[in-house]
Amino acid sequence: MTQHKPKTKMVPFPSHSIVPERDVDKRPVLEARHLGIEFGGLKAVEDFNLTIGKTEIAGLIGPNGAGKTTVFNLLTKVYQPTTGTVLIDGKDTAGMNTVQANKLGIARTFQNIRLFGNMTVEENVRIGLHNQIKYGMFSGIFRLPAYWRQERRQHEQALDLLSIFDMQDMAPVKAGSLPYGAQRRLEIVRALATNPSLLLLDEPAAGMNPHETEELMENIIKIRDKFQIAVMLIEHDMHLVMGICEGICVLNFGKVIAKGTPADIQSNPVVIEAYLGRKKEA
């Protein structure tokens, strides 16, 4: 079995966080400061702080109902925070909506696949390329040369992105007819098409068999290296998390209970208790 265990050295960052040593002289791609949200007086996330390095593969883990997807929704502006700040590449996202946050550089996939099933694989990817359309409405209506040049370019871009997962031959296939694992991969490709600096993956290995999970681990590393971006994932598969994540944040009941390297997290008694429960005294 392929060994994915990262050998990256994690070093202190001025904001009392840790980032990969290679990123220490670069602006963090994400800084979440004192982030929180309430629903009807219930604090779903409270005082969430996290820094992610420019090319870090980070994990957000915790028991079911810990608030992980709520954090993703806050970072991508699906929800507006009750308290706190989210910086993407140093820019404050206050007041932004999901489209504006995406243009700023943050993209995501979802727990439940959200593809356009009646559209082709290529058309789904090209939806993600909408930020990069250069021709104007006049060229589009009258099909001027600028329109056709852009169409050819987007076709080539879509096939190039699909080739990450060896899916280029599936370009004309209806997305809804793909096997589950291929739909998961297509959703990642579509998110990549928006040209993010931070890619959020919400349970990317859900429903995958061990072989597909191994391939996914290799491809996440490949994506980080090829595009020089950061990746943050929510995942319950601890083999995947401990195998590729460099920094891990653990959430429980909406609060951060631990942050550190995989080795730190695996040996942390507070994390073990959150997952397994407190041992009964003899």
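Guide: The protein has 10 helices and 12 strands (DSSP runs, H or I of at least four residues for helices, E of at least two for strands, numbered from the N terminus). This is a predicted model, in which local features need pLDDT of at least 70 and side-chain atom pairs 80 or more, while totals for chains, interfaces and linings use all residues. Residues are numbered from 1 along each chain as its sequence is written, and side-chain values use heavy atoms, without hydrogens and water.

Start with the space itself. The largest pocket holds about 480 Å³. A pocket is an open set of points on a 1 Å grid over the protein atoms alone, with protein on both sides within 12 Å along at least five of seven lines; lining residues have an atom within 4 Å of a point. Points join across faces, edges and corners, and the volume is that of probe spheres set on them.

Which residues sit closest to the centre of the largest pocket? They are Thr 98, Asn 102, Arg 108, Phe 110 and Thr 194, out of 21 lining residues. Four elements each give at least two residues to this lining: helix H2 (98-104), strand E8 (106-108), helix H3 (121-128) and H6. H2 gives the largest share, five residues.

The charged end of Arg 114 sits over the ring of Phe 110, 3.9 Å from the ring centre (CZ of Arg or NZ of Lys within 6 Å of the centre and within 35 degrees of the ring normal).

Now take H3. Six of its eight residues are buried (under 20% relative accessible area; over 50% is exposed, in between is partly exposed; 1.4 Å probe, protein chains only). The six are Val 121, Glu 122, Asn 124, Val 125, Arg 126 and Gly 128.

Thr 76 lies in the loop between H1 and E6. Its relative accessible area is 6%, so Thr 76 counts as buried. Beyond its neighbours within four places in sequence, Thr 76 is in contact with Thr 98, Ala 101, Ile 106, Arg 108 and Leu 200 (contact: heavy atoms within 4.5 Å). Thr 98 and Arg 108 are among the residues closest to the pocket centre.

H1 is mostly covered, with seven of eight residues buried. They are Lys 68, Thr 70, Val 71, Phe 72, Asn 73, Leu 74 and Leu 75. Just after H1, Lys 77 takes a positive phi of about 70°.

Leu 30, in strand E3, has Leu 75 among its contacts beyond four places in sequence. Leu 30 is buried, at a relative accessible area of 0%. The C-alpha atoms of Leu 30 and Ser 197 are 9.4 Å apart, though 167 residues separate them along the chain.

The largest nonpolar core has 44 residues, and Leu 186 and Leu 199 have the most contacts inside it (buried Ala, Val, Leu, Ile, Met, Phe, Trp, Tyr and Cys joined through side-chain atoms within 4.5 Å). Helix H6 (residues 180-192) supplies the largest share of this core, six residues. Beyond four places in sequence, Leu 199 touches Ala 107, Ile 188, Ala 191, Leu 192, Ile 223, Ile 229, Ala 230, Val 231 and Met 232. Another core, of 30 residues, lies apart from the largest one; Val 71, Phe 72, Leu 200 and Cys 249 are among its members. Val 71 and Phe 72 are also among the buried residues of H1.

Step back to the whole. Of 282 residues, 51% count as buried. Among contacts between residues at least 6 apart in sequence, 67% join residues at least 24 apart.

Technical notes:
1 Å grid on protein atoms, 1.4 Å probe; cavity = no way out; pocket = protein on both sides within 12 Å on 5 of 7 lines; lining within 4 Å.
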